[in-house]
Amino acid sequence: MPSTSVVNKDLLAERSKCTFDREEFTVWWVGGKDRLEEKRNREHFCMNQPEFGDKIPLHYLSHKELYEETIRKATAIFAKSKEMVQKKHGYNAGNFVKFLDVLTGDGFMHQANPLAVHFSMFVPGIMGHGNAEQQERWLDRALNCKILGTYVQTELGHGTFLRGLETTATFDEETDEIVINSPRLSAYKWWPGGLGLTANHCIVMAQLYSKGRCHGVNPFMVQIRDEETHMPLAGIEVGEIGNKLGYNGVNNGFLGFKNFRIPEKPISSVLNYGTMVFTRVLIVLDTSQMLARAATIAIRYSCVRRQSVIDPNQPEVQVIDHQTQQGKLLPQLAKAIALKLSADNLWKMYEATQVDLETGNTDRLPELHAVSCCLKAVSTGDAAAGVEVCRLACGGHGYLSSTNFLNLYGSATAAVTYEGENTVLYLQTARYLVKVWNQALKGQQLMPTVRYLEQYATKPVKRFAWSDSTPVIIEAFQAVTANRLRLANEHIQQRVKAGRTPQEATNETGLELVHLAEIHCRGFILQSAYAAIEQACQTASQPLGEVLREICRLVVYDEALRITGDLLRFTTMSDPDLVELQRKYEASLGAIRPNAVSIVDAFDYPDFILGSTLGAYDGNVYERLFEDAMKSPLNQEPVNRTFELYLKPLMRGKL
């Protein structure tokens, strides 16, 4: 980081207020001293690779130039990162997942990585679900980028509804081959990352037909381009889908098949489920980091920027001193931490379930699926909304591409839709909750994340006893979920009795189901954050423990204030209780305010990862804004050719 001699004086003053040990916070945030050392060594290594830098800011490049630059950078990152990992750990399938972030760019490819899906879905798909023969054929080549792959599922006409996919894979008994077809335009694959011009192999999801009978959606390994020339193979139509709101380095593509033959049987009927859950875990981790970066940028800038006066006799104050600004930014800071802790909890659940699967125990699969669905939905929705809050909080300057809010927002909003559209995911979680509610009504024991429902299913309905302590507020979320679930279940049954089919009744109760699934998930997030922070406080210093608990209180108060209607309806909360909750929320903002910059500093994001003119460690925002502006291609000549072509004739009346 820069020496303090060049750091903005307001940021220096903010850092001097710190009440805790920043390094202790960072060790906790990253996951231990060893992880932190490895992270910093990796970042130091990357910062010193000339190939990793951008010759010109990416936001000044054309669509074609951007793709070409991200490919150059992605291949350099893979080559150098593999070399680094190989020297220290050995690069193989056994430790592949541990270094997934390194291989996909570790956060400093601000327009995302065209090889990301290769490493996050294609390679794990082969590792987890290919048989011995298939792994021997593809795994080593995929790990070492001898082949480049992607995961091809979504079509022009269908996305989340997998049973509706139209691509067909028909078994030809005479040749022992699979014939893949796109029977109509809506069956063309559309959106897979890296598909447009990068990948030469795909895991393709298609409807398997044999002897005139459909056997459902299955995954197939398909080569689509020649490995030597990279030309599309006969029967393949492939390209990229064009410019997007964000993620323009990813090279999303389309793919159509015409009687394309492969000598392969399906990889595994469980590939789709396992890969999707694994990917959703990564999404939650990624989106929490996106929100943390956005909060870092906005909070640093809000301490440098001065706007308006509070005391007429004093100069303009730092924007962060306005309570309204604190109310925008500090909850985003706290929420980023809570989402990261819930992602860590989900990852532990995923690993435990994988161990169970090895012994043939599938009992917790439905629970894991339900949690991963709603947590993906909440985390991506909150991250997208939170990044936008942070951008708006930076005023006009936040609108500039050089702030990196555009890339963060593009990445977060893309995650709202890919790997499961959020409303559909909420409904999948809700279906699970309805199922376990009916199990609880029969006295059956439920899985850990929904076990709280048992007490509400087996006892008379009554309002939950409210108090504004953190554990009780978390229980209140569970009480709200249980009561809303009870009502939704009753409404479904009433509609069935009135003549609706179960599917129609569920559809007509959809709004209730989505809402209760979201509240269930928010309760899970709060419980995960509270448990992780209380565990950390057992060994943390007292000053750090106080900060962590204040962060937890803020996110709990913030979430509770968002569902006050439900709390007033299903708990004993009164109007005075609501007034007191608001007071405590405001007090929590004030308590975190002096440490805000030090907390985001403790996230330990180097400037090259933040990639922001407003969020750099030194706080010299105006100098950085001007420096970036001077890199614009339009500023490389004093007079643009359009003056002679159009402006001069216009001014002289000769058009």
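Which residue's side chain meets that of Glu644 in a salt bridge? The partner is Lys648, at 3.8 Å from N to O.

## Basis of the model

This is a predicted model, in which local features need pLDDT of at least 70 and side-chain atom pairs count only at pLDDT 80 or more, while totals for chains, interfaces and linings use all residues. Residues are numbered from 1 along each chain as its sequence is written, and side-chain values use heavy atoms, with hydrogens and water left out.

## Salt bridges

A salt bridge is a side-chain nitrogen of Lys or Arg within 4 Å of a carboxyl oxygen of Asp or Glu; the count by this rule is 39. Glu644 and Lys648 lie four residues apart in helix 23 (residues 642-651), helices being DSSP runs of H or I with at least four residues, numbered from the N terminus. Salt bridges that share partners join Glu23, Lys39, Arg40, Glu43 and Asp604 into one network.

Within helix 3 (residues 33-47), Lys39 and Glu43 are four residues apart and therefore separated by about one helical turn. Their side chains meet at 2.9 Å, N to O, and both residues are buried (under 20% relative accessible area, with a 1.4 Å probe and protein chains only).

## Helices 9 and 10

The axes of helix 9 (residues 323-358) and helix 10 (residues 365-393) come within 10 Å and cross at roughly 160°. Axes are lines fitted to C-alpha atoms over the stretch in contact, and angles run from 0 to 180 degrees between N-to-C directions. The two helices are therefore roughly antiparallel, the term for angles over 145 degrees.

Definitions and conventions. Angles under 35 degrees count as roughly parallel, over 145 as roughly antiparallel, 65 to 115 as roughly perpendicular and the rest as oblique. Buried means under 20% relative accessible area, exposed over 50%, partly exposed in between (1.4 Å probe, protein chains only).
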